[in-house]
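Colleague: I'm new to this one. Can you walk me through it?

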Amino acid sequence: MRIRDWDKSLKARLIGEAFMNITFWMFFPFLAIYFAEEFGKTTAGLLLIVSQVFSVAANLVGGYCADQFGRRTMMVLSSFGQGAAFFLFALANSPILDSPSLGFIAFSIASVFGSLYWPASQAMVADVVAEEHRSEVFAVFYTSMNIAVVIGPILGGIFFFSYRFGLMITAGLVCILLAWILIKFTKETNPANSDTSINNTSKGFMYAIQSQVKDYGLILKDKLFLLFIIAGILGAQTFMQLDLLLPIYVKEVIGNQSLGTWFGSEVKLTGELAFSILISENGLLVALLTVAVTKFVVSFKEKNTFFVSSVLYALAMVVFSLFDSFWIFILAMAIFTFGELMTVGIQQSFISKLAPEHMRGQYFAAASLRYTVGRMIAPISIPMTVWFGFFWTFTIIALLALVSAFVYYLMFYLFEQKKTASPRL
């Protein structure tokens, strides 16, 4: 499906989110270093866990609200909220105030609004794109985000540590711009369930919350979907380290590592620059290969694709733990990225297969628990490096990825049995 054939709402989002993602990736990869230096590894890890607890709750509320109040409404509200949070982060790093604690609060608020945004965003795609084209559309959005991952960290390596105030002001303004684009150029895509929405909301907030809990209870009774979430949470402990454990590890291990003599001069690499290059490598490979790899893997059984993806994540973690050479890190990141690319499009398509049309927002929100709960747990890796050291921390994470692989395999085995018993699935 060509971009020119997309719904206008999706075209506008693709442009607006591209600007937001570039700005976001100028500071996000470096936050783990920032908080670890300001609070210490153990405290930083625990604080990041606390911040993600709120994100988990917001993610569930976001899915419910996307179904009840509309995709566009929630996306606009979330964009304004993130913009305000980034302005607060700027204040915490301004000429008149230097407050890491306020910066952490601002980051937590931004995370909450981000969790409110994405369930509505994913559901909007499912609303307007036919099932056979969804994997391609999701892959294009993912590619756009990873173009930002190429550009953002390289610029962020310069601006985050030296011009943090201006960077966060820019992030806030870009969020406001995204909100304006959504208001001006998108339309509501929520399926016709407005009567239900009105009935629920007119009975009060507590009734809405009770309905929400009841609906999520029904979702989590879906055995296949529950296994999908569990496998995703376990796997998330691997790829979430891209912006948690990895920046701290690379900064400490690389130091001022020599890359050899080029044109008669010795070339040295700082840890911060090394991490920027690795993140940009990840983004570049994703930007170049997402669509091609997605088209390639759809010819294989889904259970094999998810299984191999998790195994590659585990292998990458092992390689990172065993070597301290920047060039080996480049290889490890390539392995990591291919594992990531294998499931980019098909996982969202799989969710839409399981979700009833009137509950898509909540299913996508529940599926996002893989990331929100995963991100809530993942920061424990930072204090783990103090308790066990880097090698055993990476080893434990690799083992969790392998467990994830076998849970995925079990899930798809049960899914195939169910599909055989019910040909309409």
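**First look**

Modeller: Of the 425 residues in the chain, 56% are buried, meaning under 20% relative accessible area with a 1.4 Å probe and protein chains only; exposed is over 50%, and partly exposed lies in between. This is a predicted model: local features need pLDDT of at least 70, side-chain atom pairs count only at pLDDT 80 or more, and totals for chains, interfaces and linings use all residues. Residues are numbered from 1 along each chain as its sequence is written, and side-chain values use heavy atoms, without hydrogens and water.

Colleague: How many helices and strands does the chain have?

Modeller: There are 19 helices and 4 strands. Both are DSSP runs numbered from the N terminus: helices are H or I with at least four residues, strands are E with at least two.

Colleague: Where is glutamate 281?

Modeller: Glutamate 281 sits in helix H12, residues 271-297.

Colleague: Is glutamate 281 buried or exposed?

Modeller: Buried, because its relative accessibility is 13%.

Colleague: What is glutamate 281 in contact with, leaving aside neighbours within four places in sequence?

Modeller: Ile330, Met333 and Ala334. Contact means heavy atoms within 4.5 Å.

Colleague: Which residues are buried in H14?

Modeller: Met333 is one of them, and others include Phe326, Phe329 and Leu341. H14 covers residues 326-341.

Colleague: New topic. Where is phenylalanine 323?

Modeller: In the loop between helix H13 (302-322) and H14. Phenylalanine 323 is partly exposed, at 40% relative accessible area. Beyond its neighbours within four places in sequence, phenylalanine 323 is in contact with Tyr249, Ile328 and Phe329.

Conventions: Expected span 1.5 Å × (residues − 1).
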